[in-house]
Amino acid sequence: RGTALQPLFKMFYSSSKVGDPRPGQPYTGGNFCAFLPDNKEGQKTAMLLKKAFENGLTFQIKSCNGEERVTWGLIPHKTSWGGGKARNGYPDAQYLREVCTVL
């Protein structure tokens, strides 16, 4: 196992906007953590993920049991350092290539 970059996203409580499931309704934020290998490809991917975040593409608001919540969007993230692809973790030899294609 090598070293890892660990982006942490803190989403605060706010109100949803036009295009969200229920515009104007408050939603619950949360802390979201992802993992990238600390190498050239991982650093390049981190910069692309940062741009996606700045453009509002990283998260989406979903309605769950009548409550609006922030969830991961369509960009895949590794939320665990272990467990393999099935558990959104490593090892996953294709991940960096796949996420860069999406970005």
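Biologist: In which handedness of crossing does helix 1 pass helix 2?
Modeller: This is a predicted model, where local features need pLDDT of at least 70, side-chain atom pairs count only at pLDDT 80 or more, and totals for chains, interfaces and linings use all residues. Residues are numbered from 1 along each chain as its sequence is written, and side-chain values use heavy atoms, with hydrogens and water left out. A crossing is left-handed if the near helix is turned anticlockwise from the far one by less than a right angle, and right-handed if clockwise. By that rule, the crossing of helix 1 past helix 2 is left-handed.

Biologist: At what angle do helix 1 and helix 2 pack?
Modeller: Axes are lines fitted to C-alpha atoms, for helices over the stretch in contact, and angles run from 0 to 180 degrees between N-to-C directions. Angles under 35 degrees count as roughly parallel, over 145 as roughly antiparallel, 65 to 115 as roughly perpendicular and the rest as oblique. Helix 1 and helix 2 are therefore roughly parallel. Their axes are 10 Å apart, and the angle is about 30 degrees.

Biologist: Which residues of helix 2 make the contact with helix 1?
Modeller: Contact means heavy atoms within 4.5 Å. Helix 1 contributes E41, G42, T45, L48 and L49. From helix 2 come L96, V99 and C100.

Biologist: Is L96 buried or exposed?
Modeller: L96 lies in helix 2. Leaving aside neighbours within four places in sequence, L96 is in contact with L36, P37, E41, G42 and T45. Buried means under 20% relative accessible area, exposed over 50%, partly exposed in between (1.4 Å probe, protein chains only). At a relative accessible area of 11%, L96 is buried.

Biologist: How many helices and strands does the protein chain have?
Modeller: Helices (H or I, at least four residues) and strands (E, at least two) are DSSP runs, numbered from the N terminus. Along the sequence the pattern reads β-β-β-β-β-β-α-β-β-α. The count is two helices and eight strands.

Biologist: How far apart in space are K10 and F32, C-alpha to C-alpha?
Modeller: K10 lies in strand 2 (residues 8-11). Beyond four places in sequence, K10 touches G30 and N31. K10 and F32 are 22 residues apart in sequence, yet their C-alpha distance is 6.5 Å.

Biologist: Which residues does a cis peptide bond join?
Modeller: Most residues other than glycine have a negative phi, and most peptide bonds are trans. P91 is in the loop between strand 8 (67-72) and helix 2. Omega is about 5 degrees for the cis bond, which joins Y90 and P91.

Biologist: What is phi of N88 near?
Modeller: N88 is found in the loop between strand 8 and helix 2. N88 is partly exposed, with a relative accessible area of 41%. Phi is positive here, in a residue other than glycine, and is near 55 degrees.
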